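Visitor: I have a structure open on my screen and would like to learn how to read it. Could you walk me through it, feature by feature?

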Amino acid sequence: MNTIFCNADTANIEQAAQLLRQGEIVGLPTETVYGIAADARNGEAVSKIFVAKGRPQDNPLIVHIADMSMLDGLVSKVPERAQLLAAAFWPGPLTIIMPRGKEVAAECCAGLDSVGIRMPSHPVVRAVIQASGCALAAPSANLSGSPSPTTARDVLADMDGRLPMIVDGGDCQVGVESTVISIIGEHPVLLRPGHITLEQLEAALGEEVIISGAILEKLKDGEVARSPGMKYKHYAPKADITILKGSFDQYKAYVEAHRDENPACLCFTGEDEKLDFPCICYGKEGDGNDQAFHLFRCLRALDEQGDGVVYARCPAVDGASMAVYNRLIRAAAFRVIEL
Ligand code: TXA
Ligand code: MG
């Protein structure tokens with residue numbers, strides 16, 4: 001298949017919309033990461049996403065809408081908590097798991113009776129949703145197991161020849177995937193941390209939000225992931241990454257003591273000047289949003305350097321950094337050393 005790689009002018013947005021209406025899949029920018037979109041009401045179209053990504057069928061997709069009226073038929077009801085969250089954070093990087101409606105293709109939901117809905121803020125995906133009239137099922141546009149794409153070039157690197165069109169809408173400003181919250185059970189549960197923080201969710205809801213077990217550590221043997229995506233070893237780079245938890249001086253001493261491994265450093269901005277090893281800086285220390293913007297770019301850059309030993313500085317575990325920590329421990333296959 002020939003992949004059209006194009007900018008987001010009006011004609012290209014119309015062509016993307018037409019492909020989607022015809023049951024095709026298209027690579028599109030959102031404010032978080034790039035996605036591969038299909039008409040969420042068309043099961044055959046949605047199946048093509050799984051084939052293109054090599055994604056396990058039991059991992060459900062997020063459905064993207066442009067306005068609240070599109071919820072009709074996608075969810076069986078809009079619970080009060082969803083209304084509070086939508087008013088506070090939509091359009092934006094928040095996915096809300098709600099009771100599933102009749103019109104969502106079964107292929108989106110992996111047999112669950114719930115569906116994840118998100119109203120993105122990126123003007124290009126919003127324009128395509130409006131032009132097509134379709135709610136769009138869209139996972140991140142990477143091959144299953146590689147880092148989520150934050151530029152259209154990243155999508156092309158993974159997906160060239162696997163879909164008919166990729167629309168370039170510039171760099172994704174958030175850089176990690178949306179926050180996912182379930183409001184189905186008795187208490188709201190954070191299933192995936194993102195730019196919208198736990199503290200912000202609790203403030204909007206006026207109640208405690210439980211952090212799902214798989215977010216900050218590995219699932220124990222036999223433990224069931226509440227969000228199917230959490231059970232996979234995501235974002236796996238070629239290098240062997242180990243996270244070192246401690247001060248910069250402790251980090252530097254540890255890496256120097258392991259010089260014989262020819263390590264590379266995944267460190268904070270500016271620290272490369274104080275380390276005499278190959279370094280990739282993944283953002284400012286203490287600035288979770290800056291780290292989120294850079295993280296997947298850096299993991300892709302690491303992959304280009306091939307395999308080898310990498311020691312990573314440890315981000316904070318709370319606030320906007322929780323999303324970064326959550327992605328990085330997966331990239332590191334949960335290897336964290338306390339210094
Ligand atoms: O920012 C994002 O959310 C991006 C852009 C493209 O919008 N999309 C994205 O999709 O990250 P994906 O498929 O890579 O991640 C969706 C996550 C998975 O971890 C999946 O298991 C979870 O959401 N999920 C989807 N539907 C669910 C449901 N009904 N119940 C529980 N978890 C669900
Ligand atoms: Mg993904």
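**Salt bridges, strands and overall shape**

Guide: Gladly! Let us begin with a salt bridge: Arg-81 and Glu-207 meet through their side chains, with N and O 2.8 Å apart. Keep in mind that this is a predicted model.

Visitor: Which parts of the chain does the pair Arg-81 and Glu-207 tie together?

Guide: Arg-81 sits in helix α3 (residues 80-89), while Glu-207 belongs to the loop between α7 (198-205) and β11 (210-211), so the contact ties together parts 126 residues apart in sequence. Glu-207 is partly exposed, because its relative accessibility is 26% and that class lies between 20% and 50%.

Visitor: How many salt bridges does the structure hold?

Guide: It holds 14. One of them joins Arg-21 to Glu-14, the closest N and O atoms being 3.2 Å apart. Arg-21 is partly exposed at 41% relative accessible area, and Glu-14 is partly exposed at 36%.

Visitor: And what about Arg-300 and Asp-154: how far apart are N and O in that salt bridge?

Guide: There the N to O distance is 4.0 Å. This pair also links distant parts of the chain, with Arg-300 in helix α9 and Asp-154 in helix α6 (residues 152-159), 146 residues apart.

Visitor: Is Arg-300 buried or exposed?

Guide: Arg-300 counts as buried because its relative accessible area is 11%, and buried means under 20%. Asp-154, at 15%, is buried as well. A network of salt bridges links Asp-154, Asp-158 and Arg-300.

Visitor: Now the sheets, please. What should I look for?

Guide: The general idea is that strands of a sheet pair through backbone hydrogen bonds, either parallel or antiparallel. Here, one open sheet has five strands in the order β14-β13-β15-β12-β16, and the pairing is parallel. Its edge strands, β14 (279-281) and β16 (336-338), each pair on one side only. From one strand to the next, the twist averages 25 degrees.

Visitor: What is the bridge partner of Lys-245 in β16?

Guide: Glu-338 is the partner of Lys-245. Strand β12 (residues 240-245) runs parallel to β16, and three bridges join the two.

Visitor: Which helices go with this sheet?

Guide: Helix α8 (residues 248-257) packs on the sheet and touches β12, β13 (264-267), β15 (309-313) and β16. The direction of α8 makes about 170 degrees with that of β15. Helix α9 (residues 288-304) lies across β12, β13, β14 and β15, at about 160 degrees to β14.

Visitor: Which strands pair with β8?

Guide: Strand β1 (residues 4-7) runs parallel to β8 (residues 165-168), joined by four bridges. Strand β2 (residues 26-28) pairs with β8 in the parallel sense too, over two bridges. Look at Met-165 in β8: Ile-4 stands opposite it, and Met-165 is also the bridge partner of Val-26.

Visitor: Stepping back, how do I judge the chain as a whole?

Guide: Compare the radius of gyration with that of a compact globule: for 339 residues the globule would be near 20 Å, and the chain agrees, because its value is 20 Å. The C-alpha trace spans about 60 × 50 × 35 Å along its principal axes. Within it are 10 helices and 16 strands.

Visitor: What share of the residues counts as buried?

Guide: Of the 339 residues, 56% are buried. The chain exposes about 13,700 Å², with carbon and sulfur atoms supplying 48% of that area.

How values were computed. Residues numbered from 1 in each chain as written. Chains lettered and ligands numbered in written order. Predicted model: local features only at pLDDT ≥ 70, side-chain atom pairs only at ≥ 80, totals over all residues. Heavy atoms only, no water. Pairing = 2+ DSSP bridges. Axes fitted to C-alpha atoms, helices over the stretch in contact; angles between N-to-C directions. Contact = heavy atoms within 4.5 Å. Rg over C-alpha atoms; globule rule 2.2 N^0.38 Å. Buried < 20%, exposed > 50% of the residue type's maximum accessible area, 1.4 Å probe, protein only. Areas by Shrake-Rupley, 256 points an atom, 1.4 Å probe, with all protein chains shown as cover.
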